[in-house]
Amino acid sequence: MGFGIIAFLSTLVGAIVGVGGGLIIRPMLGFLNVGKELASFSSAACVFCMGIVSLVTTVKKGAEIQLKETIVLALGSICGAFIGGACIEFVSGKFIAIGYIFAMVFVLVCMAARKYMPRIKLKNPLLQFLAGTVTGGLSGFFGIGGGPFQMTALLLLFNLEPKEAAVQSIFITLLTTVSSLIQYAVKGYWNFSLAVFMIPMAVLGGFIGGLLNRKFNNKYVSVLFNFTVIFIILMQIYSVFFR
């Protein structure tokens with residue numbers, strides 16, 4: 001029951017603000033002493049199912065997916081994730097955890113300063129790919145989730161409003177999650193012992209979150225995104241310094 005609640009709340013918030021939900025599910029499962037591999041696979045399976053349902057829901061309610069930009073960004077993100085993941089072996093786990101806290105604080109500062117920053121819209125495919133490589137690299141390096149980095153890039157570099165950025169971010173997350181699931185398949189790791197309980201709740205969270213994304217205005221989505229980032233920061237601080 002507890003795992004289902006985690007999946008529901010994480011994907012509900014993730015679908016609304018575009019962070020996917022995995023970056024909440026994985027650390028929460030870690031707090032419950034679930035093994036790293038099982039937590040990662042269960043999280044990816046939930047995010048994949050949530051992403052499909054959320055996108056179908058939001059598109060039916062009038063959202064548009066900017067395929068040209070988001071696919072380029074997603075391809076860059078997938079490449080960056082491999083690079084970031086390869087760098088993990090050169091640093092300690094505590095360095096990564098502390099670095100993630102600073103990265104989330106940077107995201108929060110960028111969101112707070114967004115209205116004072118010049119409007120930028122990247123149109124060059126190479127620059128779009130590089131932006132995706134950076135966000136994917138951070139995602140792969142920290143190993144928790146790239147949703148906040150994708151949202152920041154979409155807001156600051158693609159001149160999108162929070163509601164629309166959330167939809168594009170979920171689409172990118174869906175594509176990158178497919179890449180993760182393929183890696184699990186290659187390694188032969190398909191453990192559905194938790195996912196079988198969590199996926200139905202993730203689907204429900206994705207559906208309701210997709211509806212709420214369309215109903216909320218940009219201000220509410222932005223505020224919820226900031227609160228989500230603050231929650232992640234506090235969770236990481238607790239995990240690093242008090243656990």
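Modeller: Start with axes and angles. An axis is a line fitted to C-alpha atoms, for helices over the stretch in contact, and angles run from 0 to 180 degrees between N-to-C directions. Helices are DSSP runs of H or I with at least four residues, numbered from the N terminus. Here, helix α3 (residues 36-60) and α8 pack at an angle of about 145°, with their axes 9 Å apart. One caution: this is a predicted model, where local features need pLDDT of at least 70, side-chain atom pairs count only at pLDDT 80 or more, and totals for chains, interfaces and linings use all residues. Residues are numbered from 1 along each chain as its sequence is written, and side-chain values use heavy atoms, with hydrogens and water left out.

Colleague: Is the crossing of α3 and α8 left-handed or right-handed?

Modeller: First, the rule. A crossing is left-handed if the near helix is turned anticlockwise from the far one by less than a right angle, and right-handed if clockwise. α3 crosses α8 in the left-handed sense. Contact means heavy atoms within 4.5 Å. On α3, the contact residues include F41, A44, F48 and L55. On α8, they include F171, L174, V178 and L181.

Colleague: How many residues of each class are in the contact of α3 with α8?

Modeller: Sort them like this. Ala, Val, Leu, Ile, Met, Phe, Trp, Tyr, Cys and Pro count as nonpolar, Asp, Glu, Lys and Arg as charged, and the others, Gly among them, as polar. The contact of α3 with α8 has 15 nonpolar, six polar and no charged residues.

Colleague: Which word describes how α4 and α8 lie to each other?

Modeller: Angles under 35 degrees count as roughly parallel, over 145 as roughly antiparallel, 65 to 115 as roughly perpendicular and the rest as oblique. Helix α4 (residues 67-87) and helix α8 (residues 162-187) have axes that come within 9 Å and cross at roughly 40°. α4 and α8 are therefore oblique. Their crossing is right-handed. Among the residues in contact are L73 and F82 of α4, and L175 and Q183 of α8. This contact of α4 with α8 has nine nonpolar, six polar and no charged residues.

Colleague: And at what angle do α6 and α7 cross?

Modeller: At roughly 160°, with axes that come within 9 Å. α6 and α7 are therefore roughly antiparallel. The crossing of α6 and α7 is right-handed. In α6, T135 and L138 are among the residues that meet α7, whose side includes F149 and A153.

Colleague: How many cavities of 30 Å³ or more does the search find?

Modeller: One. The largest cavity holds about 60 Å³. Its lining includes R114, P118 and L156.

Conventions: Helices (H or I, at least four residues) and strands (E, at least two) are DSSP runs, numbered from the N terminus. On a 1 Å grid over the protein atoms alone, a cavity is a set of points where a 1.4 Å probe fits but cannot get out, and a pocket is an open set with protein on both sides within 12 Å along at least five of seven lines; lining residues have an atom within 4 Å of a point. Grid points are joined across faces, edges and corners, and a volume is the space filled by probe spheres set on the points.
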